[in-house]
Amino acid sequence: MGTIVKQIIMGAFEINGVNLTSQGVWAHPEQQSYRYKDLSYWTDLAQLLEKGFFDFLFLADSYGYPSMNGETPDVAFEQAVEIPKNDPMLLVPALAAATSHLAFAVTTSTTFEAPFANARRFATLDHLTQGRIAWNVVTTSSAVVSDLFGRDGMIPHDERYAIAQEYLDVSYDLFEGGWDDDSVVADKSSRVYADPAKVHKIHHHGRYFRVDGYFNCEPSPQRTPVLFQAGSSASGQRFASQNAELVFLQGKDANTLKAQVANLRSGAVAAGRSSDAIKAIVGLSIVVAETHDEAVAKLDDFLSYVNPDAARIYYSSMTGIDLAKLDPERSFATVTTEGGRTQVERYKENTVREATADFLRNGMREFIMVGTPVEIADQIEALVEETGIDGFNYTPFVSPGSYRDLVELVVPELQRRGLMRTSYPAGTFRERLFGEGAARLPATHPGASHRTALADASA
Ligand SMILES: Cc1cc2nc3c(=O)[nH]c(=O)nc-3n(C[C@H](O)[C@H](O)[C@H](O)COP(=O)(O)O)c2cc1C
């Protein structure tokens, strides 16, 4: 192995519900995710992650649940496929109190939340976590959610991203532009809390949103939360190159992943940002044991709990596509959707039969590494070197068991190789990702221009 030049970013992929991405594995004897309603389940997990020097806990979310032709099949409830599921944001203050360094990435949707309310919640969390908050920006492709929110039908794919861009523009106004850095004096002797000359009204009159008035949160450590993004369709990538600071890539093997990393870097440069302005991470699951054969048997045991019908409706929930209705010999390259495209385009070189087999086995998982701690560390090291990936979205089979395996058996080996840190640096989450002093969006990020614009306008 060559010289290691960088430490990897490690995030934990979670959902405030029963199943993550392997539908049915909730019933495995070692699985404790059914305890998602207990705060102690989450505080214990957050502390375990911090013990293992994870960078962040990522909480995926959607208001949706599976629906096929307007009906929710019984198996959705029997196997807890995306339902039930609690609000992830409400966990964060408790987890922040139980930890000192771990950051939290919370998912909210630009299609369904009001920008003002969303910005206020993230600003509040940035204060309460002292700069340990990130926002996973999603556009939501679910017709079910349209019904739940009283909207007429699903918004077409590319328009969802146009809405998302305007949503971020108004959010940057709120986060970055409403209050100057030195607007809060909090001086008891002069009895002045904030300087009115340094607080600015937002005036956003766009195609989709209108916001007029003052943002009511004072400046927080990071202002704009660290921006995460996942959709890798063409419009998703364009959106990421302009806004995202960390992206979940979907590479299935080293070659496709390497190409995606290169693409992301050149997209950032084309958007006027630096080539390393966006961190790229990819899904990683590990199954580790003292011997390789034991680890393989352990993986087979986890997979034996996957329920194929539940996996199929989970796929349909993300993409709008019923795999059972397609000709197994058809090329997936000819399959199109107005739902989420990433899980469709991922299979463009496969037949429907191959795609179905892969999804039923892996769900959304990307890299699954199986073996002894040294074998797994070798694979991680090789993948990082070959592809230039910045880190991983660790996707457990069982919780907290899969985390304990990583933290106790693999992290020490990664630390020995210099791939993982042995202590946390001080500072906000953005500084941990981009270096000391980088608590705020950099000047080359489009959000930064919203700082001066409002101050100039009201001068
Ligand atoms: C690791 C990962 C996490 C994701 N988390 C969420 C989520 O929490 N909520 C959601 O609605 N979509 C989530 N998605 C889906 C994407 O945000 C996106 O909506 C989907 O890939 C469709 O976008 P596209 O059409 O650009 O591909 C996730 C995707 C990945 C790869």
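The axes of helix α8 (residues 254-270) and helix α13 (residues 373-387) come within 9 Å and cross at roughly 45 degrees. Helices here are DSSP runs of H or I with at least four residues, strands are runs of E with at least two, and both are numbered from the N terminus. Axes are lines fitted to C-alpha atoms, for helices over the stretch in contact, and angles run from 0 to 180 degrees between N-to-C directions. This is a predicted model, in which local features need pLDDT of at least 70 and side-chain atom pairs count only at pLDDT 80 or more, while totals for chains, interfaces and linings use all residues. Residues are numbered from 1 along each chain as its sequence is written.

α8 and α13 are therefore oblique to each other; angles under 35 degrees count as roughly parallel, over 145 as roughly antiparallel, 65 to 115 as roughly perpendicular and the rest as oblique. In the contact (C-beta atoms, placed from the backbone, within 7 Å), Ala 254, Leu 257, Lys 258 and Val 261 of α8 meet Leu 383, Glu 386 and Thr 387 of α13.

Strands β5 (residues 184-187) and β6 (residues 192-194) pair in the antiparallel sense over two bridges; pairing requires that DSSP finds at least two bridges. Val 184 is placed opposite Ala 194 in β6.

Key
Two residues are in contact if their C-beta atoms, placed from the backbone, lie within 7 Å.
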